Amino acid sequence: MAARLLYCAAAVSALAVLAILAFLVYFSLPLFQGDQLAALFSWHWRPLQNEFGILPMIAASLALAVSSMLVAYPLALGVCCFAHGLGPDWAARPLLVAVRLMSSVPTVVYGLVAAFSLVPLIRGASSGSGLCWLAALLTLAVLALPTIVLLLDNQFQRLESEIRLTAAALGLTRVQEMLQLTLPLSSRGLVMAAILGFGRALGDTLVPLMLAGNAPQPPLSLLDPMRTLTAHIALVVATDSQSAAYNSLFACGLILFLLTVLVNLGLRRIRTGATAHG
Amino acid sequence: MADRQEKLSVAFAWLSALLVPALLAMVTGFLLRRGLPSLQVALWFGDTPPLAALLHGAPVFDGIWPACLGTLYLVALVALMAVPLGVASGIFLAEYAGGRTKLAFSFCIELLAGIPSILMGLFGFALILFLRRSFAPEANTCLLLSAFCLTLLVLPYLISSTRLAIESLPDALRLTGASLGLSHWQLIRRILLPASAPGIFSGVILAIGRAAEDTAVILMTGVVANAGTPGSLTAKYEALPFHIYYLAAEYQSPAELAQAFATALVLLALTGLLLLAARRLQAGLEIK
């Protein structure tokens, strides 16, 4: 009896994700009729002229996620290496506590602070409004940093307990142990952290919505405004436009969903590879 | 050569290690400087006498009390739906599932964990469109819908923390149960669940924090700027994170902007406290 109830609960939880997929597919079906699909993959989003191209948003989402990773990843790696040998031992714990605290800061708070500190700085230094790719990139990097650090920290901790004796027997210093053993040995963990951080950056809505300026145009310059898929979904729903815009909305959702599946498959592939090779 | 590489690495590690606390200090410092002066009773209740609002439900117009209540109701509803479902699923995955079922279920739940929160919102929005077209033409976004979508959002956290808490229990406990002649369910009910309770609770607290801070989901499923105290499950409502987002975008006066910063402080304190509580539970677990 109990087992059956528990099975049902787990089945409901597992089916939730399929329900989301089913709804997205169902509502984007009208797009697969006629030439709507070709219209979807164009560079122009002008609802008033019946042009609903979402390529600028796809490009912006990918560009923002990759670029914020380029900033966050090296920093996160630095923080982890510092906490595991490159820095003094006493500093490791407080540093990780600070990272945990960072992870508990609500996204909207980061958005608010950046909108009234970072954006005016950029506005002062350039000619635009300050709401641009760069502002969203830097804030998103801060947001994704704790995710990467905590995952890497976990990996390093596990690895260190295995290699500590070997490293000591070889007469390696803590710095050498980190650079010569821990880092090369955790290559899979390093890739996983990068993918996970990328997924986190790709899925965030509030930061691009509040900071990136939301102009539907291809991301060509760091100081130009951009509109990501996530922000686009929020904006279209909020502005209540015509039904053709709604359809493209679900196409955006479907693309985001597929990107998430890719990220997850990537993670899974690396993880099963890791267990197969010991 | 190797020596130089080492020095460079150490220098970079120091740089990033200094930058992270500096960033955290800058964010909190900025919030405190801009928000602290407005952190008064008037922030919560505006011009309404606090007691009248608390005891008699007097309407509050320019305070964040309705938003606090909205977030509270929302979180309570999410907990009501997500905790039983999540904990039960976690127990099933840890204790009963095997082979293909376990693989398939964990894959789906991992996928759910990775789905951007805006898609949960879009799902809720689509659900309303669907209901309107089919059998409930009056359906509209509301408190209950937001709670439902947030449940989907926090479910994976609950499941994996429950599962981890049970799976990391020492084998000796299982042996004890077997030696006492307990059935599988009795073992779970009398031994495994009590032993893993701190881990499960800390997962619940973190999930509540996640539900309290999320903005993207509620943005699409029924939160509005001026709804007053939430009246029913099918009514629009206010919430703290959305209040911050709204004021940041649409503030009319410096006072409103200051209120946004003060609200951010309140929300930050809330999520910070929840994190501390969860950590304390986990720390108690490690000592045992």
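Leaving aside neighbours within four places in sequence, Leu172(A) is in contact (heavy atoms within 4.5 Å) with Ala167(A), Glu177(A) and Leu181(A). This is a predicted model, in which local features need pLDDT of at least 70 and side-chain atom pairs count only at pLDDT 80 or more, while totals for chains, interfaces and linings use all residues. Residues are numbered from 1 along each chain as its sequence is written, chains are lettered from A and ligands numbered from 1 in the order in which they are written, and side-chain values use heavy atoms, with hydrogens and water left out.

Leu172(A) lies in the loop between helix 6 (133-169) and helix 7 (174-185) of chain A, helices being DSSP runs of H or I with at least four residues, numbered from the N terminus. Leu172(A) counts as partly exposed because its relative accessibility is 27%, where buried means under 20% relative accessible area, exposed over 50% and partly exposed in between (1.4 Å probe, protein chains only).

Not counting residues up to four places away in sequence, Leu112(A) touches residues including Met210(A), Leu31(B), Ile244(B) and Phe261(B).

Key. Helix = DSSP H or I, 4+ residues; strand = E, 2+ residues; numbered from the N terminus.
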